[in-house]
Amino acid sequence: SCEASGKIWLNGEMVEWEEATVHVLSHVVHYGSSVFEGIRCYRNSKGSAIFRLREHVKRLFDSAKIYRMDIPYTQDQISDAIVETVRENGLEECYIRPVVFRGYGEMGVHPVNCPVDVAVAAWEWGAYLGAEALEVGVDAGVSTWRRMAPNTMPNMAKAGGNYLNSQLAKMEAVRHGYDEAIMLDYHGYISEGSGENIFLVSEGEIYTPPVSSSLLRGITRDSVIKIARTEGVTVHEEPITREMLYIADEAFFTGTAAEITPIRSVDGIEIGAGRRGPVTKLLQDEFFRIIRAETEDSFGWLTYI
Ligand SMILES: Cc1[nH+]cc(COP(=O)(O)O)c(CN[C@@H](CCC(=O)O)C(=O)O)c1O
């Protein structure tokens, strides 16, 4: 949960939490017209560092471009706003949520006369799927809701409206006693979780669905692929079937909020030994070593604030 306190950057001004409000007739409230990012700032021995800030801001602008939303700031100005929001709230370690949305103008689907508003909030947010999940893993279920088909709702845009699909999958998973949902794509192959990308491990090699319009091109997914290659772990980006998950040695989710969360079962079938596997732990350890500045930030992923 996020503490309802602190300051929020709204259209260039720092405003109090309670003042960061929108009109109920804003376009976004009725038509889901927002794009957003989830970014983490981590505290380490050298200070507080935002993880892959440039890539997140670039993706925010790409998502806006897909929906023809003209952000009235440059990428550098948004990066500065993100850093300022963390500093202004005195947060050493936090989750940062920039959101770009069509605001209050005229009603109607065609957003021609609605402003494009921008806000940045930050709050302390622990492990997405529960503190113990990073170690013991989570139970996931394949959802009856599939990810949107290509050329229907662009999954590569991190848009608010995409999370209507994610919500349906998540609510169904929780109702069935799972921690998280795994969605299939239009063709019936594995796509991603309701808020994460997904990997499996087989014979010491890792597999993940290819970048396509059936899933979000995750930044953590990219980080894990780069770390795996550095560690000499072979990476396969190829279509993954539901049954490949069942017979995998290990599986895990990746995401800014989820970080690297082991999956110990899918649809009640234990994955491997039913707990975090050695390859998952190897990748987790290296990921956190980089974040904690316990190893060289050779990829240049950390922006100290
Ligand atoms: C559907 C989806 N797929 C993959 C990812 C992983 O992307 P990346 O963070 O770049 O590695 C996320 C992030 N989900 C964000 C929002 C979660 C939320 O509940 O809101 C996040 O992890 O911040 C997704 O929402």
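Phe51, Phe287, Phe288, Phe299 and Trp301 form one aromatic cluster. Rings of Phe, Tyr and Trp (its six-membered ring) pair if their centres lie within 6.5 Å. This is a predicted model: local features need pLDDT of at least 70, side-chain atom pairs pLDDT 80 or more, while totals for chains, interfaces and linings use all residues. Numbering runs from 1 along each chain as its sequence is written, and side-chain values use heavy atoms, without hydrogens or water.

By the ring rule there are eleven aromatic pairs. Take phenylalanine 199 and phenylalanine 252: their centres are 5.0 Å apart and their planes at 10°, so they are stacked (planes under 30 degrees apart; over 60 is edge-to-face, the rest tilted). Phenylalanine 199 sits in strand β11 (residues 197–202), phenylalanine 252 in strand β14 (residues 250–255), 53 residues apart. Strands are DSSP runs of E, at least two residues; helices are H or I, at least four. Both phenylalanines are buried, meaning under 20% relative accessible area with a 1.4 Å probe, protein chains only.

Next, serine 223. It is in helix α6 (residues 219–230). Beyond four places in sequence, serine 223 contacts (heavy atoms within 4.5 Å) Phe51, Arg52, Phe287 and Trp301.

Last, lysine 158, in the loop between β8 (138–142) and α5 (162–175). What is the nearest side chain of opposite charge? Glutamate 37, 5.7 Å away. Lysine 158 is buried, with no salt bridge (Lys or Arg side-chain nitrogen within 4 Å of an Asp or Glu carboxyl oxygen).

Key: Buried < 20%, exposed > 50% of the residue type's maximum accessible area, 1.4 Å probe, protein only. Lys, Arg positive; Asp, Glu negative; His and termini not counted.
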